[in-house]
Amino acid sequence: MSRPFRLFRRFISSLLLLSALLISIQAHSQNTSIKAGKVERIKVHGKGLEGNLAGDSPDRDVSVYLPPSYQTDKKQHYPVIYFLHGFTDSDDKWYGFTKHWINLPAVMDKTLAEGKTKEFIIVTPNAYNRYFGSMYSNSVTIGNWEDFVAEELVAYMDKNYRTIPQAGSRGLAGHSMGGYGTIRIGQKHPEIFSSLYLLSPCCMVPNMNSPTNSERATKMEAIKTQDELEKADFGIKAAFASAASWSPNPTNAPFYLDLPTKDGQPQPLVTAKWAANAPLATLDQYIGNIKQLHALAFDAGSKDASIAATNKTLDALLTNYQIPHTYEEYDGDHINRIAERIEQKMLPFFTTNLSSEVVKGGKKR
């Protein structure tokens with residue numbers, strides 16, 4: 001074999017090797033990009049939010065995560081996780097539109113890439129309002145947020161996206177105020193949501209003690225304008241959000257709510273109204289519904305002491321009724337390991353418990 005011919009063969013071999021390498025890189029690039037889901041931010045009108053006294057728009061921003069194959073497999077339908085954000089948060093913070101301590105789509109993409117979860121559509125409505133959070137409750141002051149999540153938002157998603165429109169394929173989850181909203185709504189609607197996951201749920205226990213700190217009560221009552229409320233501390237903001245949600249008053253402008261003190265005096269009826277909205281106070285009324293759920297899980301960090309304590313009470317109540325559930329307390333605080341919990345616990349939980357099969361002739365709800 002002549003030297004020129006040997007050189008020619010080596011050149012051809014090198015070209016073939018380079019070509020194969022380029023094809024491999026391109027295929028890897030395509031596979032990598034295919035594993036990334038798509039996020040859409042849409043508007044959903046809430047009929048039950050119309051005319052709320054707070055003046056918040058009934059057209060709500062909603063962030064929607066669509067799994068990787070949603071763009072390529074036009075015939076496939078998907079189970080849905082409705083995820084509720086916490087107090088002072090908003091959907092844009094959780095979905096990467098605004099820099100925050102968590103990015104839910106990134107967590108979902110990572111978990112998918114590692115093969116720890118199946119594909120879901122994930123939906124989060126923006127519940128940030130004039131009072132920094134809706135508590136996912138119904139009131140004339142903030143509008144009917146509970147109904148918006150359970151009925152109007154679900155109906156919109158089933159109409160406009162390739163969901164699997166049945167309870168067995170719908171999960172409800174949330175963090176902090178969103179965890180509260182999850183049990184509040186979920187215990188009433190097992191015909192809509194079959195599985196619930198509560199991450200560090202707040203506001204679970206009824207507080208029957210009216211505020212005793214006169215200085216704090218004076219500060220709270222002194223707030224007369226929205227600007228003053230915006231500058232208030234977290235606790236006062238939470239009090240106004242609770243009042244707007246649980247003790248609304250259509251004649252008490254400008255905030256249209258009753259606080260737990262008036263002229264420095266405790267208001268027992270307001271306190272009772274707030275307590276009546278605590279899930280640990282209402283759980284017994286919904287045991288029949290909770291027994292219909294397919295799966296229920298909740299967790300909290302051990303350093304999130306008050307919430308971890310209420311989780312223990314919830315665990316004891318469910319155990320007393322012999323209702324299967326999963327409860328875990330882990331080493332963490334209110335936010336520092338939430339992304340990890342979603343990745344390692346919540347998404348596998350829904351992978352196990354939400355059906356990807358359409359039940360022929362089954363009820364949509």
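## The disulfide

A disulfide here is a pair of cysteine sulfur atoms within 2.5 Å. This is a predicted model, and it holds 1 such link. The partners are C202 and C203, with their sulfur atoms 2.5 Å apart. The torsion about the S-S bond is -75°, making the link of C202 and C203 left-handed.

The two cysteines fall into separate burial classes. C202 has 13% relative accessibility, so it counts as buried. C203 has 31%, so it counts as partly exposed. The cut-off at work is 20% relative accessible area: anything under that is buried.

Next up is P125, which sits in strand 4, a run covering residues 121-125. Its relative accessibility is 1%, so P125 counts as buried.

Who does P125 touch, once you leave aside its neighbours within four places in sequence? The contacts are D61, V62, F83, L84, H85, D91, W145, F148, V149 and L153. R60 is worth a look too: P125 and R60 are 65 residues apart in sequence, yet their C-alpha atoms are 6.9 Å apart in space.

## Salt bridges around D61

The salt bridge count comes to 21. One of them joins the side chains of D61 and K43, at 3.1 Å from N to O. This pair links distant parts of the chain, with D61 in strand 2 (residues 59-66) and K43 in strand 1 (residues 38-45), 18 residues apart.

D61 has a relative accessible area of 19%, so it is buried, given that buried means under 20%. D61 is also among the contacts of P125. D91, like D61, is in the contact list of P125.

## Two more bridges

D158 and R170 form another salt bridge, with their closest N and O atoms 2.8 Å apart. Here too, distant parts of the chain are linked: D158 lies in helix 4 (residues 145-160) and R170 in strand 7 (residues 170-175), 12 residues apart.

Notes. Residues numbered from 1 in each chain as written. Predicted model: local features only at pLDDT ≥ 70, side-chain atom pairs only at ≥ 80, totals over all residues. Heavy atoms only, no water. Helix = DSSP H or I, 4+ residues; strand = E, 2+ residues; numbered from the N terminus. Buried < 20%, exposed > 50% of the residue type's maximum accessible area, 1.4 Å probe, protein only. Contact = heavy atoms within 4.5 Å. Salt bridge = Lys/Arg side-chain N within 4 Å of Asp/Glu carboxyl O.
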